Amino acid sequence: MGLLERLRKEWFILGIVLVIAVARLEPHVGGKGGPLKPEITITYIAVSTIFFNSGLSLKTEELTNALMHVKLHLFVQIFTLVFFPTAIWVFLQLLSITPINEWLLKGLQTVGCMPPPVSSAVILTKAVGGNEAAAIFNSAFGSFLGIVITPLLLLLFLGSSSSVPFTSIFSQLFMTVVVPLIIGQIVRRYIKDWLERKKPPFGAISSCVLLMIIYTTFCDTFANPNIDLDKFSLIIIVFIIFSVQMSFMFLTFLFSTRNNSTFTPADTVAIVFCSTHKSLTLGIPMLKIVFAGYEHLSLISIPLLIYHPAQILLGSLLVPTIKSWMVSRQKALKLTRQPKAPVKV
């Protein structure tokens, strides 16, 4: 990885930290109704931009090939929407006897119920050089599964009397994820030569948009004057989130690289990021719908708000290490597949 690439990632990580700090001090700038108008710019424009960007940069044949990788897709979706929330529920049974704020613990459960992200996993997979097409497919497919499965998981583990408008969520997701991706692919057909010649900074564009999403979401949460956090619970929750993230990344890595696995090193990269990352852009609207009117909605939202930048921070720090492993692993596989030269007698 070149010096400029390292600097770009370090500034991106630093930007996340500054965004959190500024959002805490100036919640009304990026919060709902603020000058940035996140109810429009984030809900519709930002997510659409990320997927239009992906559609524009991704080769059509790679996306087509990714559709046929059924085993990879099943692994990611089962881990994300079945194993993840179940494991968190078991873990929270042990934490329920501790003095940690119960609403933050409920928030941890909501994290487990969320679908794969629509942006961060794709960006990090691309940064490593992994199977970007598989990451995009699982992000989009997982998001559509999440429309139905995530609200049901939230109702199962936490309960709510609210009705969930699946139709409106589905239509919004279709317009902000699928349509921009298709338009990006169509536009790519007409400017393919120009894209290959100029090589626009697609990764930097997606990173900036993602940073904006994080900033406005933090602003919207901390704009609530009634939010009450005790430092002990918050520190413990942050520690738990980083521990869960690292543990699950390591677990998916072990499963996808075992001896009888058919996954390539590039597939493993997509699996590690897509299986362990959770969607903030879909998660926050879903929480607001399912738990509409809950007095402690802001506290329930905090673990997801922490988990999202945590997954980007850890992922960014691990990019050089994972990329080095993938390259060395690919070279080793090529050497083992080369026919051996005949021994001269």
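**Ground rules.** I'm working with a predicted model, where local features need pLDDT of at least 70, side-chain atom pairs count only at pLDDT 80 or more, and totals for chains, interfaces and linings use all residues. Residues are numbered from 1 along each chain as its sequence is written, and side-chain values use heavy atoms, with hydrogens and water left out.

**Whole chain.** I counted 14 helices and zero strands. For the record, helices (H or I, at least four residues) and strands (E, at least two) are DSSP runs, numbered from the N terminus. I checked burial next: 50% of the 345 residues count as buried. Buried means under 20% relative accessible area, exposed over 50%, and partly exposed in between (1.4 Å probe, protein chains only). Then I looked at contacts, meaning heavy atoms within 4.5 Å. Of those between residues at least 6 apart in sequence, 86% join residues at least 24 apart.

**Helix 6 on its own.** Helix 6 covers residues 102-113, and its twelve residues reach 17 Å from first C-alpha to last, close to the 16 Å expected at 1.5 Å a residue. That expected span is 1.5 Å times one less than the number of residues. Nine of the twelve are buried, so helix 6 is largely enclosed by the rest of the structure. The buried set includes Leu 104, Leu 105, Leu 108 and Gln 109, and Gly 112 and Cys 113.

**Helix 6 against helix 5.** How do the axes of helix 5 and helix 6 cross? I got roughly 165°, with the axes coming within 7 Å; helix 5 is residues 70-95. That makes the two roughly antiparallel. For the labels, angles under 35 degrees are roughly parallel, over 145 roughly antiparallel, 65 to 115 roughly perpendicular, and the rest oblique. The crossing of helix 5 and helix 6 is right-handed. By convention, right-handed has the near helix turned clockwise from the far one by less than a right angle, and left-handed has it anticlockwise. I listed the contact residues: Thr 80, Leu 81, Phe 84, Pro 85, Ile 88, Trp 89, Leu 92 and Leu 95 from helix 5, and Leu 105, Leu 108, Gln 109, Gly 112 and Cys 113 from helix 6. By class that contact has ten nonpolar, three polar and no charged residues. (Ala, Val, Leu, Ile, Met, Phe, Trp, Tyr, Cys and Pro count as nonpolar, Asp, Glu, Lys and Arg as charged, and the others, Gly among them, as polar.)

**Helix 6 against helix 11.** This pair packs at about 20°, with the axes 10 Å apart, and is therefore roughly parallel. Helix 6 passes helix 11 in a right-handed crossing. Leu 104, Leu 105 and Leu 108 of helix 6 meet Ser 233, Leu 234, Ile 237, Ile 240 and Ile 241 of helix 11. I make that seven nonpolar, one polar and no charged residues.

Is Ser 233 buried or exposed? Ser 233 counts as buried, at 0% relative accessibility. Not counting residues up to four places away in sequence, Ser 233 touches Pro 99, Ile 100, Asn 101 and Leu 104. Ile 240 is buried too, with a relative accessible area of 8%. Ile 240 and Leu 108 are 132 residues apart in sequence, but 9.1 Å apart C-alpha to C-alpha.

**Helix 7 and helix 12.** Eight of the nine residues of helix 7 are buried, so helix 7 is largely enclosed by the rest of the structure. Helix 7 (residues 120-128) packs with helix 12 (residues 265-276) at about 155°, axes 9 Å apart. The two are therefore roughly antiparallel. Ala 121, Leu 124, Thr 125 and Val 128 of helix 7 make the contact with Val 269, Ala 270, Phe 273 and Cys 274 of helix 12. Just after helix 7, I noted a positive phi of about 95° at Gly 129.

Conventions
Axes fitted to C-alpha atoms, helices over the stretch in contact; angles between N-to-C directions.
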